[in-house]
Amino acid sequence: MSAGRIRVSGTLSRGRRGMFLTTTDEVVWIIESDEPECEFVGLAVIVEGVVAGRDRLRADWIGPL
C-alpha cells in the first residue's frame with residue numbers, strides 16, 4: 001500500500017461541485033469519483049482511495065460505516 005493511499009470515515013455530502021466528506025474532527029475531503037451519483041449521500045461512510053491533492057481524495061470505494 002502506497003503512502004498516498006488512505007481510508008477515512010465521516011458524513012458524505014453533495015455540494016454544487018460534487019461530493020465531500022466531513023470527518024468527526026471536522027476535516028473536509030473533496031471526493032473525486034467515477035460514479036456521478038452515490039446512494040450514501042447524507043450517511044456515515046468509509047471512503048478508500050488515493051490522496052490527489054491537499055484536500056482531495058480519489059475514491060476507489062465508498063461504503064456504509
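This is a predicted model: local features need pLDDT of at least 70, side-chain atom pairs count only at pLDDT 80 or more; totals for chains, interfaces and linings use all residues.
In this talk, a residue is called buried when its relative accessible area is under 20%, exposed when that area is over 50%, and partly exposed in between, using a 1.4 Å probe and protein chains only. By that rule, Trp61 is partly exposed, because its relative accessibility is 41%.

Residues are numbered from 1 along each chain as its sequence is written, and side-chain values use heavy atoms, with hydrogens and water left out.

Let me begin with the overall fold. The protein has 0 helices and 5 strands, and along the sequence the pattern reads β-β-β-β-β. Here helices (H or I, at least four residues) and strands (E, at least two) are DSSP runs, numbered from the N terminus. The radius of gyration is 11 Å, close to the 11 Å that the globule rule gives for 65 residues, so the protein is as compact as a globular protein of that length. That radius is taken over C-alpha atoms, and the globule rule is 2.2 Å times the number of residues to the power 0.38. The C-alpha trace spans about 30 × 25 × 20 Å along its principal axes.

Next, the surface and the interior. Of the 65 residues, 31% are buried. The protein exposes about 4500 Å², and carbon and sulfur atoms supply 51% of that area. Accessible areas come from the Shrake-Rupley method with a 1.4 Å probe; for residues, only the protein chains shown count as cover.

A contact means heavy atoms within 4.5 Å.

I now turn to individual residues, starting with strand β4. This strand covers residues 44-51 and contains Glu48. Is Glu48 buried or exposed? Glu48 is buried, because its relative accessible area is 17%. Its side chain is joined to that of Arg7 by a polar contact of 2.4 Å. A polar contact is a pair of N or O atoms within 3.5 Å; within protein, one must be able to donate a hydrogen and the other to accept it, and residues adjacent in sequence count only if both atoms are side-chain atoms. Leaving aside neighbours within four places in sequence, Glu48 also touches other residues, including Arg58, Ala59, Asp60 and Trp61.

The side chain of Asp60 makes a polar contact of 2.4 Å with the side chain of Arg5. Beyond four places in sequence, Asp60 is in contact with Arg5, Glu48, Gly49 and Val50. Asp60 and Ser33 are 27 residues apart in sequence, yet their C-alpha atoms are 7.4 Å apart in space.

Trp61, with which I opened, touches Ile46, Val47 and Glu48, not counting residues up to four places away in sequence.

Arg58 counts as partly exposed, because its relative accessibility is 28%. Which side chain does the side chain of Arg58 meet in a polar contact? The partner is Asp34, at 2.4 Å. Among the contacts of Arg58 beyond four places in sequence are Glu32, Ser33 and Asp34, as well as Glu48. Arg58 and Arg5 are 53 residues apart along the chain, and their C-alpha atoms are separated by 9.3 Å.

Finally, I come to the loop between β2 (18-22) and β3 (28-32), where Glu26 has its place. Thr23 and Thr24 lie in that loop too. Thr23 is buried, because its relative accessible area is 10%, whereas Thr24 is exposed, with a value of 78%. The side chains of Thr23 and Asp25 are joined by a polar contact of 2.5 Å. Thr23 also touches Ser9, Gly10 and Trp29, residues up to four places away in sequence not being counted. Glu26 counts as exposed, because its relative accessibility is 63%. Its phi is near 65°, a positive value in a residue other than glycine.
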